[in-house]
Amino acid sequence: MTRIAAVHGVLPPHRHTQRDLADMAARHCLPAGADRRALDRLHDGTGVRTRHTALPLDRYGDIDGFGAANDAFITGAVELGAEALDGALRAAGLSPRDVDLLVFTSVTGIAAPSVDALLAGRLGLRPDVRRLPLFGLGCVAGAAGLSRLHDYLLGRPDDVAVLLSVELCSLTLQRGDVPPAQLVATALFGDGAAAVVACGARRRPAAGAGGGPTVVDGRSRLYPGTERMLGWDVTGSGFRVVLDPAVPDLVRKNLAADVDAFLTDHGLDRRDVTAWVSHAGGPKVLEAVAEALDLPDGALDVSRRSLAEVGNLSSASVLHVLRDTLAVAPPPPGTPGVLLAMGPGFCTELVLLRW
C-alpha cells in the first residue's frame with residue numbers, strides 16, 4: 001500500500017478578518033452607493049472568521065485584467081509552493097532529489113512552463129523527475145491528486161511521489177456589479193497551499209520521520225448532466241465562478257450510495273470509519289455531507305474549524321483537513337478512514353485510508 005509520509009500546509013502572510021474581506025468585496029464588487037447589507041449577511045453566514053490572501057488588500061485595486069492577475073499568481077504560487085514542498089519533504093525526512101514524481105494542481109492560475117517546472121531547479125529536484133501538472137479539477141483535486149499518487153506508486157513501489165496544491169483564490173476577484181455566485185466566492189474562498197509526500201510499499205521510511213496513514217484505494221464518480229453546476233467561465237477579466245446553489249442537494253442525493261458502494265467493496269460500512277476527512281467546501285456543503293452520510297455529531301469538526309480559520313482553500317482544503325486530523329485527533333491505528341472532496345464535473349473523489 002501507499003504510505004503517506006508527510007502532509008504540510010502553508011498560508012500566505014496576509015491574514016484578515018471576515019469583516020475586512022467583506023469591506024474589500026463591497027469596494028470592488030458592488031456599484032457605488034449600493035446597499036451592502038445582503039453582502040454582509042452573506043459573509044457573516046459562511047462560518048468563516050479569518051482568511052489569508054496572497055497580496056495585501058490594498059494591492060487588489062491595482063490589478064488590471066487577467067494578465068496582471070495571472071502574473072501575480074505565478075509569483076505567489078512559486079513562493080508558496082516552494083515553502084509547502086520543502087516543509088513536507090523535511091517532515092518526511094527526505095530531500096528534493098528523492099522525489100520521483102511531482103504532481104502539481106491549481107485551478108486559480110495558469111503557467112507554461114508549469115509551476116512544478118519552475119520549482120524544480122529552485123528546490124533541487126532531479127532533472128529526470130516526472131512531472132504532472134493538473135488543471136480544471138478545482139476543489140476535488142486534493143483528493144484526486146492523492147488517489148493518482150497511489151495509482152502511480154502501485155506500479156512503482158520503490159518510488160517517492162509528491163502532490164503539491166497551490167490555490168490563490170483571491171486573485172480571481174472580479175470587479176463591478178458581479179452576479180450572486182461571485183459574491184458567494186468573495187465570502188468563502190481563501191488562499192493557501194499544501195504538499196503531501198507519499199512512498200511506495202517497498203520504500204523504507206526515513207529514520208526519525210513521522211508519517212501518516214496508508215492509502216488503500218480511490219474511487220472517482222462523475223454525475224452526468226451537471227457540468228454547469230461548478231467551475232469557471234474564462235473571460236477577458238479572468239475566471240468568473242460558476243456555482244449552482246443546488247450543489248448541496250446533489251451531494252445529499254448521491255453521496256451515500258457512492259460511499260456505501262466503495263466501502264462495501266472493501267468489506268466495510270460507514271460504522272467502521274473512524275475519521276471523515278472532508279473538503280471544507282462551505283457550511284451548506286458540510287451540512288449536506290453530514291446529512292447524506294448520517295454522521296454523528298462532531299464527525300466533521302476538523303473540517304468546520306478549517307473553514308472558520310482559513311476559508312475554503314479549493315484543492316488545498318482537504319489536505320489541510322488531513323494534516324489537522326493527524327495533528328489534533330489521530331484515529332486509532334489500523335482503523336479505516338475516508339477522505340472525500342467534490343469539484344467541477346460535477347464529481348466526487350473518495351480515498352480509503354488505513355490509519
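I am working on a predicted model, and I began with its open sheet of nine strands, which runs in the order β5-β4-β6-β7-β1-β8-β13-β12-β11 with mixed pairing. At the edges I find β5 (130-134) and β11 (275-278), and because each has a single partner strand, one side of each is left without a neighbour in the sheet. From one strand to the next, the twist averages 25°. I then looked at one pair within this order: β12 (residues 336-343) and β13 (residues 347-354) run antiparallel and are joined over eight bridges, and Ala-341 has Glu-349 in β13 as its bridge partner.

My search of the whole structure for disulfides returned zero. Cys-169 is in no disulfide, and the nearest cysteine sulfur, that of Cys-139, lies 7.3 Å away; Cys-169 is also buried, with a relative accessible area of 9%. For Cys-347, the closest cysteine sulfur is again in Cys-139, at 9.8 Å, which is too far for a bond, and I note that Cys-347 is buried at a relative accessible area of 8%.

I found one cavity of 30 Å³ or more, and the volume of the largest cavity is about 30 Å³. I listed its lining as Tyr-223, Leu-250, Val-251, Asn-254, Leu-255, Met-342, Phe-346 and Thr-348. Helix α7 (residues 247-264) supplies the largest share of this lining, four residues, and by class the lining holds six nonpolar, two polar and no charged residues.

I recorded about 570 Å³ of space for the largest pocket. It is lined by 25 residues, and those closest to its centre are Val-184, Leu-188, Leu-243, Lys-284 and Val-285. The elements giving two or more residues to this lining are α6 (180-188), α7 and α8 (283-293), with the largest share, four residues, coming from α6. By class I have 17 nonpolar, six polar and two charged residues in the lining of the largest pocket.

Two or more residues each come from α1 (18-29), β3 (50-53), α6, β9 (230-235) and β10 (238-243), and β9 gives the most, with four residues. The lining of the second largest pocket divides into 14 nonpolar, twelve polar and five charged residues.

Terms used: Residues numbered from 1 in each chain as written. Predicted model: local features only at pLDDT ≥ 70, side-chain atom pairs only at ≥ 80, totals over all residues. Heavy atoms only, no water. 1 Å grid on protein atoms, 1.4 Å probe; cavity = no way out; pocket = protein on both sides within 12 Å on 5 of 7 lines; lining within 4 Å. Points joined across faces, edges and corners; volume = space filled by probe spheres on them. Nonpolar A, V, L, I, M, F, W, Y, C, P; charged D, E, K, R; others polar. Pairing = 2+ DSSP bridges. Axes fitted to C-alpha atoms, helices over the stretch in contact; angles between N-to-C directions. Disulfide = S-S within 2.5 Å. Buried < 20%, exposed > 50% of the residue type's maximum accessible area, 1.4 Å probe, protein only.
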